[in-house]
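I opened the model to look up two things.

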Amino acid sequence: MPETIPEDSVGLVEGAVEHFDEPLELESGERLERFDLAYETYGTLNADHSNAVLVCHALSGDQHAAGYQSMEDRKPGWWDNMIGPGKPLDTRRFFVVCVNVLGSCKGSTGPASINPATGEPYALDFPIVTVKDWVASQRRLMERLSIAKWVAVVGGSLGGMQALQWTIDYPERLDACLAIAAAPKLSAQNIAFNEVARQAIMTDPEFHGGRYYERDTPRRGLALARMIGHITYLSEDAMRDKFGRDLRKGQPLSYGFDVDFEVESYLRYQGRRFVDRFDANSYLYLTKVLDYFDPAGAHDGDLAKAFAGSDNRFLVIAFSSDWRFSADRSREITHALYANNLDVTFAEIEAPQGHDAFLLRIGPYHDMVRAYMDRLAREWGL
């Protein structure tokens, strides 16, 4: 927990939940009759509501992107190094909004929410949602907040995919898109990792077809799913530098199946921590959202056609050691944008941390985002 709040922090924050009674038509053909969206805001919305920036979170993230929810918090929000006074998303200039996605378990409507038709948790009766549905729901919140246009929509990983979808569905409602460590669609390898993670959850004896809310959660399956995912977020160099083949606490080999290596201990720890903060059903749904994202699919595989209606400008950032969403995937996005004569800045940042680099304070990366946002602020008169 912090003894004092750092000067460049947004400080103590309080979230909000907005309720929507108007049905949301989903890409699957189903619909949500009503839903909630949980969100947090940082900074101050100016008089003409022209300084708003939307931050979109990744798979296991949530609306708590910056600051502290209480003085008992062990650490700040997941993108605290990016959001705050003097930081790249400078809250002295921008009003930053972060929304928890539908299907999650952090306050927005999802599988653990009560289904009004039955009075019980939705569980697997919750409809499948997509990035397109998320963006549609975020637009609803935008209207509730009386924001006509985002200065920028910003996100990393799955958050970057949401930012891209904004430029496809509502290009008139934002100026710039910052897509960081993103991809135009998942590779077969990435879909395979997600499927193994889902099977780990669904074959756990405690899963009970997703109706485990009055029982014990499928802890083993969810922990294993997180361990699988976590491996993909780190590069080989990062794992070698952090763990090597170090034995746990310098102990000799056990010649058994207990934890011998530090990397084994780390993965088990990450799995245990995740079980305490995330819902297994939500993990199933959000990995499916990742799998289904493919804006070129509606255009015979031509990604350039997907962006044909956009007049936005773009900052596309990739990281050299990210093998989950490699720099080549960001180049695919960039080439499609160039094909539409759009204003695009692309950078591949040298960083050994793998996919998780988008979450970290890396000098050249932060400098680029800061410079880009400073330019937007000047042009918007902020």
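In which sense do E12 and strand E13 pair, and over how many bridges? I find E12 and E13 (residues 313-319) paired in the parallel sense over five bridges. Strands pair if DSSP finds at least two bridges between them. Strands (E, at least two residues) and helices (H or I, at least four) are DSSP runs, numbered from the N terminus.

I note the basis. This is a predicted model, with residues numbered from 1 along each chain as its sequence is written. Local features need pLDDT of at least 70, side-chain atom pairs 80 or more, totals for chains, interfaces and linings use all residues, and side-chain values use heavy atoms, without hydrogens and water.

Next, partners. Leu178 has Leu315 in E13 as its bridge partner. On E11 (residues 150-156), Gly156 stands opposite Ile180 in E12. E11 and E12 pair in the parallel sense over six bridges.

Then pockets. I define a pocket on a 1 Å grid over the protein atoms alone: an open set of points where a 1.4 Å probe fits, with protein on both sides within 12 Å along at least five of seven lines; lining residues have an atom within 4 Å of a point. A volume is the space filled by probe spheres set on the points, joined across faces, edges and corners.

The largest pocket has a volume of about 1,300 Å³. Of its 41 lining residues, the closest to the centre are Lys75, Trp78, Arg226, Arg277 and Leu359. Helix H6 (262-275) gives the largest share of that lining, four residues.

The second largest pocket has a volume of about 270 Å³. Its lining counts 15 residues; Glu27 and Lys132 are among the closest to its centre.
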